[in-house]
Amino acid sequence: MSVCSLLVAGGRWRCLPVPLGSSLFQALHHSCCRKKSTAPKKIIPNAAICDENTKEPGNALDKLFSSEQQASILHVLNTASNKELETFRLLRGRKSVNIIEHREKFGPFQNLESLMSVPLFQYKTTIQVCNSILCPETGGRKGKFQDNRLLRKLIKPEIARERLKAVNSIVSIVFGTRRIAWAHVDRTLAVLDWQQNECCQFMKGTYVSSVYLQEISSVISKMPKADLYVLEKIGLSIQNPSRFPVVLHFHIMEAMLYALLNKTFAQDGQHQVLSMNRNGVGKHFELMIGDTRTSGKELVKQFLSESGLKEEPRVVFPTEKIVRYRQMFSSTGQQRAEELYDSLLQAVAFYELAVFDTEP
């Protein structure tokens, strides 16, 4: 496969073939952004500042770009794989999946206007996407540094961005004093598995190591395999003596999960288990009231409803399990399923903040 790079020769645009694949990003960068004299002018017309829902008549989009620019953009949209599309920041997540699905259903894009028929693509978004394909590195190093700093506050230990971008599925784990819940979610935000396990022997009497090992090993044996395991990190203070037993319990749980799930760490030194800041997840979903995080039950119920009603839901649940999940929520009290809600919200926040670094 190849993609056309745009170069100026004698005051005219001409199209040169450039290999498409692992070098897609570099090829486009060198052809579009290397020198000011050869870079295609980034187009941000007044119409692009209009409301996101505005639909321009006719072939307005096609008139904003030269024929050579249109050819390069359409070649990327019609030939790039899902992973190649995700090298462009604005095409990560559902947008790249929607492009592939639209292409498979209706065939190649014939013009830029046809991109607006893809879910999540409207006039302003489409202009931004086209500009990002022509000049992929727009945004600069300052934005990347800011993203990395925020990511370090959200997730520990620090992990290479390349590994995060390549994640196909995670298991998000949240534990309390009596139960452990987990959600297995892939990069399209489809829920593959979601359940909780009662662990009634925790915190009974003294902290017996063998009991913790037995209970946690039993839970881990039920968990599916994934690229990463993400644990909820709760910032409880030990200044209040009455909280010490709970804080100790959480530290024991976290340490044992790190040890039991990081099966290849001794060989390659790569962490498969990460901790994610609980308050960071709460802020992402606007569940924080001061320093207190409210229940995520209503938000999860909304995700369930949208999965059955919307064509492009934020979270996708298996159709055959939606009814069972709804019945489970109605038959339990708010606190009894809180770990279950939080495990799903943590998984969604992980993808949106760490993998795709985009707001919903």
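**View 1. Strands β4 and β5 pair up in the sheet.** Seven bridges tie β4 to β5, and the two run antiparallel. Strands here are DSSP E runs of at least two residues, while helices are H or I runs of at least four, both numbered from the N terminus. Two strands count as paired if DSSP finds at least two bridges between them. Look for Ile170, whose bridge partner in β5 is Val185. This is a predicted model, so local features need pLDDT of at least 70 and side-chain atom pairs count only at pLDDT 80 or more, while totals for chains, interfaces and linings use all residues. Residues are numbered from 1 along each chain as its sequence is written, and side-chain values use heavy atoms, with hydrogens and water left out.

**View 2. The whole open sheet.** Six strands line up as β3-β8-β7-β4-β5-β6, with mixed pairing. β3 (155-156) and β6 sit at the edges with a single partner strand each, so one side of each has no neighbour in the sheet.

**View 3. Strand β8 and its two partners.** On one side, two bridges join β3 to β8 in an antiparallel pair; here Lys156 has Ser275 of β8 as its bridge partner. With β7, β8 runs parallel, and five bridges join the two. Val230 stands opposite Leu274 in β8. β8 is mostly covered, with four of its five residues buried (buried is under 20% relative accessible area, exposed is over 50%, and partly exposed is in between, using a 1.4 Å probe and protein chains only).

View 4. His271 lies between α11 (265-268) and β8. Is His271 buried, exposed or partly exposed? At 26% relative accessibility, His271 counts as partly exposed. Leaving aside neighbours within four places in sequence, His271 is in contact (heavy atoms within 4.5 Å) with Pro157, Arg163, Leu228, Tyr258, Asn262 and Phe265. The C-alpha atoms of His271 and Glu158 are 9.2 Å apart, though 113 residues separate the two along the chain.

View 5. Zoom in on Phe285: beyond its neighbours within four places in sequence, Phe285 is in contact with Leu299, Phe303, Arg314, Leu345, Val348 and Ala349.

**View 6. Helix α15 on its own.** Of the 18 residues of α15, 17 are buried, so the helix is largely enclosed by the rest of the structure. At 1.5 Å a residue, α15 should span 26 Å, and its end C-alpha atoms are 25 Å apart, which agrees. The expected span is 1.5 Å times one less than the number of residues.

View 7. pLDDT is the predictor's confidence in each residue, from 0 to 100. The protein averages 77, and 73% of the residues score at least 70. Confidence is lowest in strand β1 (residues 2-9), at a mean of 44, and highest in strand β4 (residues 169-175), at 96. Over residues 27-58 pLDDT stays under 50, and the model has 57 contacts beyond four places in sequence for them. Where pLDDT is low, the predicted coordinates should not be read in detail.
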